[in-house]
Amino acid sequence: MCGDKEAFTDRRIAKTRKAIFAAFDALIVRKDYAKISVQDIIDEADIGRSTFYEHFETKDELLRAKCTDLFRHIFVPDGTEKTHAFSRNSTFEEKITHILCHLLDDKKVVKGILAGESGEPFLRFFRGCLKKMAEDERFCVPGVPAEYLQNHIAGAFVETVRWWTERDCAMPPEELCRCFLALLPPMSPAPAAK
């Protein structure tokens, strides 16, 4: 009996979060982030104010959660893929393409986020995840500090995404990934530590 109550509660929480995310997505396509209020989100999601605050303290926290939700299965090792055919042991090229596929799937929402002041927090979060992904790949270029290389890769990709979304994501993800990688310096995996 207790397990049934927990399962119901988990489903209710998931359903509410899904409604809040859907409301945010609908609003960000229509309005600038700065002009969206928590009340707008509450009205769009058709939930109570206390329900919103049970899940998120602020709309900025909601934005961070949206970023996490969008890329969790790519950046978090235990994430699961439901929409694209990529394996957990993907190459760096496949991971970049995978990210671009998700951005394309949520093109209207991503364009809405990047169009206003919400773009900077989104891109900061995104850059941090990309730096970690580049760090995990253990790339090296002789004479270039690893931290600098990771920052360069993340920054270049963030600007690539910004450029791509400004052009309505017209280039296919695979082609954009090829262009992005072609402009990176030749890299090799870092030698294993002794």
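Lys66 is found in helix α4. Lys66 counts as buried, at 6% relative accessibility; buried means under 20% relative accessible area, exposed over 50% and partly exposed in between, with a 1.4 Å probe and protein chains only. Leaving aside neighbours within four places in sequence, Lys66 is in contact with Phe21, Phe24, Asp25, Asp106, Val109 and Ile113, where contact means heavy atoms within 4.5 Å. This is a predicted model: local features need pLDDT of at least 70, side-chain atom pairs count only at pLDDT 80 or more, and totals for chains, interfaces and linings use all residues. Residues are numbered from 1 along each chain as its sequence is written, and side-chain values use heavy atoms, with hydrogens and water left out.

**Fold and confidence**
- The protein has nine helices and two strands; helices (H or I, at least four residues) and strands (E, at least two) are DSSP runs, numbered from the N terminus.
- Their order from the N terminus is α-α-α-α-α-α-α-β-α-α-β.
- Of the 194 residues, 39% count as buried.
- Mean pLDDT (the predictor's confidence in each residue, from 0 to 100) is 84, and 83% of residues reach 70 or more.
- Confidence is highest in α2, at 97, and lowest in strand β2 (residues 188-189), at a mean of 64.

**Nonpolar core**
- The largest nonpolar core has 51 residues; such a core is a set of buried Ala, Val, Leu, Ile, Met, Phe, Trp, Tyr and Cys residues joined through side-chain atoms within 4.5 Å.
- Elements giving two or more residues to this core include α1 (2-30), α4 (59-75) and α8 (146-166).
- Leu103 and Phe126 have the most contacts inside the core.
- Not counting residues up to four places away in sequence, Leu103 touches Leu70, Phe71, Val110, Phe122, Phe126, Val161 and Trp164.

**Aromatic rings**
- There are eight aromatic pairs; rings of Phe, Tyr and Trp (its six-membered ring) pair if their centres lie within 6.5 Å, with planes under 30 degrees apart stacked, over 60 edge-to-face and the rest tilted.
- Phe24 and Tyr33 pair edge-to-face, 6.3 Å centre to centre with 80° between the planes.
- Phe24 is buried at 0% relative accessible area, and Tyr33 is buried at 2%.
- Phe157 and Phe180 have ring centres 5.1 Å apart and planes at 65°, so this pair is also edge-to-face.
- Phe157 lies in α8 and Phe180 in α9, so the pair ties together parts 23 residues apart in sequence.
- Phe21, Phe52, Tyr53 and Phe56 form one aromatic cluster.
- The charged end of Lys59 sits over the Tyr33 ring, 4.3 Å from its centre; the rule requires NZ of Lys or CZ of Arg within 6 Å of the ring centre and within 35 degrees of the ring normal.
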